[in-house]
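Subject: Structure for your review

Dear colleague,

Please find the structure below, together with its sequence. I would be grateful if you would read the notes that follow with the structure open.

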Amino acid sequence: MKLIAVLVAVAVLVGGWLIRPRTLQLDSARTGDLTLQNFIDEHYEGPGHRLAIAVIGDNSMAFAGRGANEHSRFEIGSVSKAMTGLLLADSIRRGEVKLDQEVGSLLPLGDTEAAGVTLEDLATHYSGLPRTSTNPFAATRSFVASLSAGNPYPYDVDDLLAQARSAGTGGRGQPEYSNLGGALLGQALARKAGKSYPQLLRERLLDPLQMQETTVPTSEAGAAPEGYSSGGRMEAPWIQDGYAPAGGVVSSSGDLALLLQSRLRGIGVEALAPKRDFEDGDKIGLFWITSPLRGTDHAMVWHNGGTGGYRSFVGLDLERKRAVVVLSDVAADVDDFAQELLAAP
Amino acid sequence: MRDIILLALVIAYPLLAIWQISTKRLRDRLDLLIVLAAGVLFLLFARTTVDWQEFPPWLWLIGLGLFAVAVALTGRAWPDLTWLSSKRPQLRAFSATLQLVIAAALVAILL
């Protein structure tokens, strides 16, 4: 029996070693601009694997990467909300919706608390809606999915609406980050325009800016490659339908550079303008957050994102007319690195 | 804070298991299996949920090493234990089986 126990212990050690958490290193294949490659070498400290970065001026773009280039596709997570904020500003400009309009006038939410929330509440995270559904079945399903490196948002639009109907808005009037609210807003805009959210995004934001590498995947075939947890575990793609406006977009640093450059040129910047106080002394516009840019006396307008296997950051210094994109396929925050890049001379 | 507690458990739990096994504090083999199953779960749960950007992964390897020692020590304890030692064996067998089935299901999710 002692021998068997020792053999099992050895098997435990070998198996544990094989699945151990580990710090991933950046891919050795370098791409793009030499100056930016050096910046990565000198400043990127976290775990990494594929990394793509871009520095954008109002008339310039520079790209670099490790194991990735400006065409490589990454899940951008909640940077999708920043796109939804731009769509909201566009819908207002078209006269389709108003900021003080209740979302219940656009979506079949019945006589529920969520129905009375305004579009501005949703876009500024003041709706009081929870971060995600509090429905026990959905919450359990999402928790199990996150433990098993799966997709915690496998819900269609009808599921999303059901979750919104059953959600409370107890914290309304105070900033409380809500993926449920972000998704609801995007679906409301799409419903008003008579389109699906992917169609709306394509026609009103992606095609005008020629962002051809950006998609909203609806199946594994269109998904980004699998990413990694901070401990190196491979994570399934987050293919989102109902929650797509809050976190389901896949994009490239090249496409996001086009998106940011158009903001530096003054296109659609009303979505970026601060409207309300947000967490930690920040301000928030239509999902776009305004914060002090560390190491400077400037402000930055930004959004970050995360999925099971990805992290992303887009930020603009409107005063200097400089913007950055940082995309990583490891779920380790890139915010500090991105801010250093934005603040760099 | 949650990650710190979890990492403390990853290291402290195998130490507790080693102490229980080596000082013969366990009632029977089912107890022993449940203790080992819980150890596996702590390790896998930490691997999955701890932010390894904040904490060095070698902390997990310490827990793994201690757990392997606990497993090796079962070889000494096992022959002296019966499968079931309880005044209500049926209830205890049911309870232990249920715990092991739940543990197996969680392991399958976490792997």
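Predicted model: local features only at pLDDT ≥ 70, side-chain atom pairs only at ≥ 80, totals over all residues.

Residues are numbered from 1 along each chain as its sequence is written, chains are lettered from A and ligands numbered from 1 in the order in which they are written, and side-chain values use heavy atoms, with hydrogens and water left out.

The interface between chain A and chain B

In this model, 25 residues of chain A are in contact with 26 residues of chain B, where contact means heavy atoms within 4.5 Å. The area buried between the two chains is about 2,100 Å², and carbon and sulfur atoms give 76% of that area. Buried area here is the accessible area (1.4 Å probe) that two parts lose on being put together, summed over both. A:Pro21, A:Leu147 and A:Arg233 supply 27% of the area that chain A buries against chain B, more than any other three residues.

Between chain A and chain B there are zero salt bridges, a salt bridge being a side-chain nitrogen of Lys or Arg within 4 Å of a carboxyl oxygen of Asp or Glu. Six residue pairs, both residues at pLDDT 80 or more, are in polar contact between these chains. A polar contact is a pair of N or O atoms within 3.5 Å; within protein, one must be able to donate a hydrogen and the other to accept it, and residues adjacent in sequence count only if both atoms are side-chain atoms.

On the side of chain A that touches chain B, the elements that give two or more residues are helix 1 (2-19) and helix 5 (136-147) of chain A. Helices (H or I, at least four residues) and strands (E, at least two) are DSSP runs, numbered from the N terminus. Helix 1 of chain A gives the largest share of this side, nine residues. The residues of this side divide into 14 nonpolar, six polar and five charged. For that division, Ala, Val, Leu, Ile, Met, Phe, Trp, Tyr, Cys and Pro count as nonpolar, Asp, Glu, Lys and Arg as charged, and the others, Gly among them, as polar.

Helix 10 of chain A

Helix 10 of chain A (residues 253-264) has twelve residues, which at 1.5 Å a residue should span 16 Å; its end C-alpha atoms are 16 Å apart, in agreement. The expected span is 1.5 Å times one less than the number of residues. Eleven of the twelve residues of helix 10 are buried, where buried means under 20% relative accessible area, exposed over 50%, and partly exposed in between (1.4 Å probe, protein chains only). After helix 10 of chain A comes A:Gly266, whose phi is positive, near 90°.

A:Ser253 lies in helix 10 of chain A and is buried, with a relative accessible area of 0%. Not counting residues up to four places away in sequence, A:Ser253 touches A:Ala52, A:Phe63, A:Asn69 and A:Leu327, among others.

Chain B

Chain B contains four helices and zero strands. Its C-alpha trace spans about 50 × 25 × 20 Å along its principal axes. Of the 111 residues in chain B, 44% are buried. Among contacts in chain B between residues at least 6 apart in sequence, 83% join residues at least 24 apart.

Salt bridges

Over all chains, the whole structure holds 21 salt bridges. One joins the side chains of A:Asp90 and A:Arg93 (3.1 Å, N to O). Both residues lie in helix 3 (residues 79-93) of chain A, three residues apart, about one turn of the helix. A:Asp90 is buried, with a relative accessible area of 10%. A:Asp90, A:Arg93, A:Arg94, A:Glu96, A:Arg204 and A:Glu270 are linked in a network of salt bridges.

A:Arg276 meets A:Glu120 in a salt bridge (3.8 Å, N to O) and A:Asp121 in another (3.0 Å, N to O). A:Asp121 lies in helix 4 of chain A and A:Arg276 in strand 8 of chain A, so this pair ties together parts that are 155 residues apart in sequence. A:Asp121 is buried at 7% relative accessibility, whereas A:Arg276 is partly exposed, with a relative accessible area of 22%.

Yours sincerely
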